[in-house]
Every structure is written in structure tokens, then in C-alpha cells.
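Here is a short briefing to read alongside the structure. Take a moment with the fold before going through the points below.

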Amino acid sequence: MKIDNQIAKISSFQHLELLANQIVEGFISGMHKSPFHGFSAEFAEHKVYNSGESTKHIDWKLFAKTDRLYTKRFEEETNLRCHLILDNSSSMHYPKLEGDQLFFENKIGFSVLASAVLMNLLKKQRDAVGLSIYSDTYEYYAPEKGSERHHRMLLNVLEQTLQSPKESKNTDTITFLHQIAENIHRRSMVILFTDMFQGEDDERLFKALQHLKHNKHKVVLFHVIDKKTEFRFDFDNAPRKFIDLETGEQINLFAENVKNDYEKLVSDYFAKVANTCSQYKIKYVPVSVDEKFEKIMTTYLVEKQKFG
């Protein structure tokens, strides 16, 4: 996408909606020339023109750009309900941002902007969106709605999440995923942003993830990490103090001494998460904060096609 310059200019979360819209518009524009062309009409609020239909609503500007005929879509019933879930525990506020970094270069900022991007797509298609945010408490819940007022309320909540103090907050993922599952009554696409760092029993965590699938929901897990340091453990070999953001526990060590063991343990854990999600028919997508947002949007696009 040719929006890197705009992203660099819009570094403040006050412009969350504007930035999300620019990312989506760039993605839609790119899809017209990509293998996903057949999907792009959905996002752009158009449908393919079929021979014999009225030509009254053909979008001639889009025809000039794409050499394909589309008609503009007007008021339609909501055809998808989507519930976004955001892990706001202290570990999600890693890495600590320096003064010149953009807000979405850590895990919570990346997840907030990705959520705003998905909300923009849902809004374009007049679909309903709900939101849950949790850490050591169930911080926020809103059911799925499609109104403009509701959309702006959720954007405001996402912005406040970036402003919230980053004091130590343990993740009670299991408890709150069960509560969230009970709150989603009608069949929905459930999208979870989390770093999967929790000190709880893995099997209980996977049961909570499975609970999200009740009522035939489709679940997408975006596993958000800082790949450079959390997966590859890429530090220089100066002595460092490592601090657990959730418990405050500290350890002093040379990164090089534990790098191989660390990477093996993390790789095994990620593989276990991926395999268990596959077993439970949960879509598992690892994403890193240094990536663009195409993977987020493409995953949503493909999974929506499967939703049926």
C-alpha cells in the first residue's frame, strides 16, 4: 500500500478513525488489482453488475478505474455480527514506546488500530460490531450494533484504552473469555487480539477458547507479538534486567546465554497454540507489531466468505 507516508504523519491516536480509514481505502484500492479482486466490491459497498439489471446505479468512476461494471449498494440488512475482544493486560503494552515511535508499534496499539480497521470494514458493509476489553477485570463490554453512534462510541473506548495507565495488570483470560462467550447470544464472528502470555493452565485456556465457539460462532485468534524480541529474543549481549510486566518479577541475565533455550520453548508453545486452535477449528493467525495490516484484513475477508 502507498500509505506509509500518511501513516508516518498521523502518529497520534486522536486520529485513530482517520488512520484506520486510510489503511482500509489503500487496501480496497489494491484489491482491485490483486487476486482478491472478486472480494473488493464487498468492501467498497458495490456489487458486480449483472446483465439485464438497471444501469441507473452503475458506478462509472469505478468502471473508469477498473474496466468492470459495479452498481452501488444501498440500505441492506446487517448480514454479519462481529465481536472484537481485546486483551489489555500489562504485557500487551510491550514494547515500551520511545518518543519518536508510533502508537501502533507496541502490542496494544497494534491491536487497537487493527480493531479500528476491522470496524471500518464492518461499517462499510453495514455489519454489526461489539467489543469486549479485559485484563485483570472485564473492563468493557458492548453488544453488537451497527449504528453510527455505536461505532463512534467504540472508537472512543479504543482511544481511551491507549490512554489508560499501564500499571501491572495480570491477565485473567480464562475467567473473562468464559464471561464474554456467555454475552454473545446470536451467531457471530468472534475476533480475539491477545499475546497469549498468561500464567494459567494451558488446557483450561484452550477450553475457554473453545467456549467462544458455542452457538456456532466463528472464532479468529490474532496472536500478537513483538517478533524481534519475544520470538527471536534478539538482544545485544550486554547484561540486562528482564521484568515481567504483569507480576513485576525480575531477573538479570545475558540474553545470549539463554537465547537458544528461550527460542525453543517459545517455538514449541506457539506450535502448541496453533495445533490446538486447528483441533478446535479456531482460525489461528500470528501477527507481529512490525507488520502491516493486510494480513488482518485479508483474514477477515476470507473468514467472512466462509461464515455463511
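The notes that follow move from the whole chain to the central sheet, the cores and a few backbone details.

This is a predicted model, in which local features need pLDDT of at least 70, side-chain atom pairs count only at pLDDT 80 or more, and totals for chains, interfaces and linings use all residues. Residues are numbered from 1 along each chain as its sequence is written, and side-chain values use heavy atoms, with hydrogens and water left out.

**Overall make-up**

- The protein has 11 helices and 10 strands; helices (H or I, at least four residues) and strands (E, at least two) are DSSP runs, numbered from the N terminus.
- Of its 308 residues, 49% are buried, where buried means under 20% relative accessible area, exposed over 50% and partly exposed in between (1.4 Å probe, protein chains only).
- The accessible surface is about 15500 Å², with 50% belonging to carbon and sulfur atoms; the areas come from the Shrake-Rupley method with a 1.4 Å probe, and for residues only the protein chains shown count as cover.

- An open sheet of 6 strands runs in the order 5-4-3-6-7-10 with mixed pairing; two strands pair if DSSP finds at least two bridges between them.
- At its edges are strand 5 (138-145) and strand 10 (283-288), each pairing on one side only.
- From one strand to the next, the twist averages 15°; axes are lines fitted to C-alpha atoms, for helices over the stretch in contact, and angles run from 0 to 180 degrees between N-to-C directions.
- Helix 5 (residues 107-124) lies across strands 3, 4, 6, 7 and 10, at about 170° to strand 3.

**Strand 6 and its neighbours**

- Strand 6 (residues 189-194) runs parallel to strand 3 (residues 81-87), joined to it by 5 bridges, and it is also parallel to strand 7, with 6 bridges.

**Nonpolar cores**

- A nonpolar core is a set of buried Ala, Val, Leu, Ile, Met, Phe, Trp, Tyr and Cys residues joined through side-chain atoms within 4.5 Å.
- The largest has 52 residues, with Leu-113, Ile-191, Phe-193 and Ile-296 making the most contacts inside it; helix 5 supplies the largest share, 11 residues.
- Apart from it lies another core of 27 residues, among them Met-196, Leu-209, Leu-212 and Tyr-280.
- Leaving out residues up to four places away in sequence, Phe-193 touches residues including Ile-85, Met-92, Leu-118, Phe-222 and Ile-296.

**Backbone details worth a look**

- The peptide bond from Tyr-94 to Pro-95 is cis, with omega near -5°, and Pro-95 lies in the loop between strand 3 and helix 5.
- Asp-67, in the loop between helix 4 (60-66) and strand 2 (70-72), has a positive phi near 60° and counts as exposed at 61% relative accessibility.
- Lys-216, in the loop between helix 8 (202-211) and strand 7, has a positive phi near 65° and counts as exposed at 68% relative accessibility.

Note on methods: Contact = heavy atoms within 4.5 Å.
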